[in-house]
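Biologist: Before we go through this fold together, could you show me how to read strand pairing, and then what surrounds the strands?

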Amino acid sequence: MTKLMIIIGSVRPGRVGLPVAEWVTSVASADDRFEIDVVDLAELNLPMMDEPNHPRLRQYTKEHTKEWSARVDAADAFVFVAPEYNYSYGPALKNAIDFLHSEWFRKPLGVASYGGISGGTRGAAAIRATVAALGLVSTTANVEIPFIAKQIDDDGKFVPNERNELMLAHMLTEIAALDGALRPLRTSAA
Ligand SMILES: Cc1cc2nc3c(=O)[nH]c(=O)nc-3n(C[C@H](O)[C@H](O)[C@H](O)COP(=O)(O)O)c2cc1C
């Protein structure tokens, strides 16, 4: 079983990241290949990077860092639910990534991006560049949702279309396969 961490990458009041993440979580939770840990960065409430040492040293001085490190360490794979902000992704997600280092190493990552006309693809591309530095392995299949506001109903719920459902299914299958392939490499690196 793959321990899949789903990270809600937006923290602003009224964010649509929440309903999008609820959809991703409901699909992944119903899939017996995965055990789910949902991280709401608004709840996690990490301060801006406040560790004195480079995270690769793992000499963490703050309790919140030690807890975040243990939680990410326990995960086998990740889905980032990520809005596009100014052609990139959100600062809370960048901060949460930058806090740690080897905890992310050789683990698969899928991105469910959303935004305006581009479907959050520029944000997703920026995520891929960041995570390459950490040894996260990105899936080829990603969920990309353009004009996100049109898929939020009157109750604030995200309404997926057929393409969203298909891409999420592909992405989850790729994550499960990559986890199987990467797990022995993680063991040998440890
Ligand atoms: C500060 C800011 C910058 C944005 N920049 C972009 C952008 O560059 N491209 C885009 O497609 N949408 C952009 N948007 C629209 C967001 O993708 C959209 O509002 C989305 O709902 C934000 O996600 P959230 O509700 O989870 O915070 C931006 C929104 C905000 C608040």
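Modeller: Two strands count as paired when DSSP finds at least two bridges between them. This is a predicted model, and in it leucine 4 stands opposite isoleucine 36 in strand β2.

Biologist: In which sense do β1 and β2 pair, and over how many bridges?

Modeller: Strand β1 (residues 2–8) and strand β2 (residues 34–40) run in the parallel sense, with 7 bridges between them. Between the two, the chain passes through helix α1 (residues 17–29), and this β-α-β crossover is right-handed.

Biologist: Which residue of strand β3 is the bridge partner of isoleucine 8?

Modeller: That partner is valine 81, and β1 pairs with β3 (residues 77–83) in the parallel sense as well, over 5 bridges. Beyond its neighbours within four places in sequence, valine 81 is in contact with residues including Ile6, Ile7, Val20, Val24 and Ala112.

Biologist: Why is β1 described as largely enclosed by the rest of the structure?

Modeller: A residue is called buried if 20 or more other C-beta atoms lie within 10 Å of its own. In β1, 6 of the 7 residues are buried, so the strand is largely enclosed by the rest of the structure. The largest nonpolar core has 49 residues, and among those touching the most other members are Ile6, Ile7 and Val81.

Biologist: Which residues come nearest to the ligand?

Modeller: Of the 14 residues around the ligand, Ser10, Gly17, Pro83, Gly115 and Gly116 come nearest, and by class the shell comprises 5 nonpolar, 6 polar and 3 charged residues.

Methods:
Residues are numbered from 1 along each chain as its sequence is written. This is a predicted model: local features need pLDDT of at least 70, side-chain atom pairs count only at pLDDT 80 or more; totals for chains, interfaces and linings use all residues. A residue is near a molecule or strand if its C-beta atom, placed from the backbone, lies within 6 Å of it. Ala, Val, Leu, Ile, Met, Phe, Trp, Tyr, Cys and Pro count as nonpolar, Asp, Glu, Lys and Arg as charged, and the others, Gly among them, as polar. A residue is buried if 20 or more other C-beta atoms lie within 10 Å of its own, exposed if 12 or fewer, and partly exposed in between; C-beta atoms are placed from the backbone. Helices (H or I, at least four residues) and strands (E, at least two) are DSSP runs, numbered from the N terminus. A crossover is right-handed if, with the strands pointing away from the viewer, the path from the first strand over the helix to the second runs clockwise. A nonpolar core is a set of buried Ala, Val, Leu, Ile, Met, Phe, Trp, Tyr and Cys residues joined through C-beta atoms within 7 Å. Two residues are in contact if their C-beta atoms, placed from the backbone, lie within 7 Å.
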